[in-house]
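Please open the structure in a viewer and keep the residue selection tool at hand.

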Amino acid sequence: MNQALDSLAEIDNKLSQRHIDLDPAGYFIIYLDRDAGLICAKHFTNVIDDRGLAVDPETGKVIPARGKVERTHTTVYSGRTAKELCVKIFEETQPYPVTFLNHAAYLGREFVRAENALITGDEYVQD
């Protein structure tokens with residue numbers, strides 16, 4: 001059984017290294033509020049420049065993929081389950097804060113991972 005899990009983890013790790021185009025509608029930072037029992041997702045806007053890099057629309061500076069960035073989010077979404085959070089973001093919000101289907105699928109996967117961590121007490125780190 002462990003060999004099968006290792007094989008699945010290897011597939012996921014490899015897929016996590018692939019190139020994906022950034023969503024011009026912005027990005028999300030996902031975290032848990034354990035005291036409130038919530039999965040939270042801060043939404044940040046961005047502009048994609050001609051190089052395919054995310055740029056802060058206010059400063060024009062490239063948003064680094066790693067490290068601490070001082071930016072103000074536009075909205076915080078929260079839900080008790082992955083499904084509740086997905087409904088709020090993908091069904092109840094206009095205009096949509098996500099414009100790429102692969103981004104929506106990624107968020108759904110991350111929200112499920114966050115929900116599992118909330119239930120089990122495990123650490124959650126966004127992929």
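Is Glu-70 buried or exposed? Glu-70 counts as exposed because its relative accessibility is 69%, where buried means under 20% relative accessible area, exposed over 50%, and partly exposed in between (1.4 Å probe, protein chains only).

Before continuing, note that this is a predicted model, in which local features need pLDDT of at least 70 and side-chain atom pairs count only at pLDDT 80 or more, while totals for chains, interfaces and linings use all residues. Residues are numbered from 1 along each chain as its sequence is written, and side-chain values use heavy atoms, with hydrogens and water left out.

**Salt bridges**

Select Lys-68 together with Glu-70: they form a salt bridge whose closest N and O atoms are 3.8 Å apart. The term denotes a side-chain nitrogen of Lys or Arg within 4 Å of a carboxyl oxygen of Asp or Glu. Lys-68 also counts as exposed, at 75% relative accessibility.

Next, select Arg-71 and Asp-56, a salt bridge with its closest N and O atoms 3.0 Å apart. Both residues lie in the loop between β4 (54-55) and β5 (75-79), 15 residues apart; strands (E, at least two residues) and helices (H or I, at least four) are DSSP runs, numbered from the N terminus. Arg-71 and Asp-56 are both buried.

Then move to Arg-80 and Glu-84, whose side chains meet in a salt bridge at 2.6 Å, N to O. Arg-80 is exposed, with a relative accessible area of 57%, whereas Glu-84 is partly exposed, at 22%. A search of the whole structure finds 5 salt bridges.

**The largest nonpolar core**

Select Phe-28, Ile-30, Leu-32, Ile-39, Ile-89, Leu-107 and Phe-111, which touch the most other members of the 18-residue largest nonpolar core. Such a core is a set of buried Ala, Val, Leu, Ile, Met, Phe, Trp, Tyr and Cys residues joined through side-chain atoms within 4.5 Å. Two or more residues come from each of β1, β2, α2 (82-90) and α3, and α3 provides the largest share, 6 residues.

Centre the view on Phe-28. Its contacts (heavy atoms within 4.5 Å) include Ala-41, Tyr-77, Val-98, His-103 and Gln-126.

Technical notes:
Lists of a residue's contacts leave out its neighbours within four places in sequence.
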